[in-house]
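Keep the structure open beside you as you read.

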Amino acid sequence: MTKNIMIVGVGGQGTLLTSRILGGITLNAGYDVKLSEVHGMAQRGGSVVTFVRYGEKVAEPIVEQGQADVLIAFEKLEALRYAHFLKKDGVLVVNDQRIEPITVVTGAAQYPEQIIEELEKAYTVYKINAMEEAKKLGNAKVFNIIVLGMAAKHMEFSKEAWLDVIEKTVPPKTVAVNQQAFLAGYGS
């Protein structure tokens, strides 16, 4: 049985690092893994989407609409934009953070209100203010690993396996803070 994970955010939020960690843990568990990264306008804070599919044999990397088991969203508008990719019993893990797209900044569009509340009407949603938690750890850059920690509770891999892959994936000088970040999210 193939599992489908989507990671969505905006440029600079760590979606690619998160997908590498997910790819690492699934490979270590012996699964066939396919990753696909869609960059969009990543350099300008635009939407970034990463698909991670794993199972006994995975043919293609793209997750179709209505097929994601877990959707990890680093920004709440991105969660709204991609929620339709979740399957009926899928889980949405969302960072309660607002990053205004250029259309909102320029006044061409308005940022929707009550995004998480609207998503909770249709989906199983777990939310966290990961930026606030990351600042408590003294490094705002690790907020994505906090969100991943929360999402990890909805996957079949052990906490120890996650910590091992994080150690092997992130830069050596950031291992400790990234592992603390993961545990902060995992304990939420």
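## A step across the sheet

Ala-68 has Leu-86, in strand S5, as its bridge partner. To get from S4 to S5 the chain passes through helix H2 (residues 76-82), and this β-α-β crossover is right-handed. Strands S4 and S5 run parallel and are joined by 5 bridges. Please keep in mind that this is a predicted model.

On another side of the story is strand S1 (residues 3-10), which pairs with S4 in the parallel sense over 4 bridges. Here Ile-7 has Ile-72 of S4 as its bridge partner. How many residues of strand S4 (residues 68-73) are buried? The count is 6 of the 6, so strand S4 is largely enclosed by the rest of the structure.

## A buried lysine

Lys-87 is worth a visit while you are here. This residue is found in strand S5, which covers residues 86-95. Is Lys-87 buried or exposed? Its relative accessible area is 18%, and the cut-off for buried is under 20%, so Lys-87 counts as buried.

Which residues does Lys-87 touch, once its neighbours within four places in sequence are left aside? The contacts are Gly-66, Gln-67, Ala-68 and Asp-69.

The antiparallel part includes S2 and strand S3 (residues 47-55), which are joined by 7 bridges. Within that pair, Val-33 has Tyr-54 of S3 as its bridge partner.

## An enclosed helix

Helix H6 (residues 143-152) deserves a look too. What share of its residues is buried? It is 10 of the 10, so helix H6 is largely enclosed by the rest of the structure. Among the buried residues of H6 are Phe-143, Ile-145, Ile-146, Val-147, Leu-148 and Met-150.

## The chain as a whole

Finally, here is the overall picture. The chain has 8 helices and 6 strands, and from the N terminus on its elements run β-α-β-β-β-α-β-α-α-β-α-α-α-α. Its radius of gyration is 16 Å, close to the 16 Å given by the globule rule for 188 residues, so the chain is as compact as a globular protein of that length. Along its principal axes, the C-alpha trace spans about 50 × 40 × 30 Å.

Of the 188 residues, 51% count as buried. The accessible surface of the chain comes to about 9200 Å², and 50% of that belongs to carbon and sulfur atoms. Looking at contacts between residues at least 6 apart in sequence, 61% join residues at least 24 apart.

Note on methods: Residues numbered from 1 in each chain as written. Predicted model: local features only at pLDDT ≥ 70, side-chain atom pairs only at ≥ 80, totals over all residues. Heavy atoms only, no water. Helix = DSSP H or I, 4+ residues; strand = E, 2+ residues; numbered from the N terminus. Buried < 20%, exposed > 50% of the residue type's maximum accessible area, 1.4 Å probe, protein only. Contact = heavy atoms within 4.5 Å. Pairing = 2+ DSSP bridges. Right-handed = clockwise from strand over helix to strand, strands pointing away. Rg over C-alpha atoms; globule rule 2.2 N^0.38 Å. Areas by Shrake-Rupley, 256 points an atom, 1.4 Å probe, with all protein chains shown as cover.
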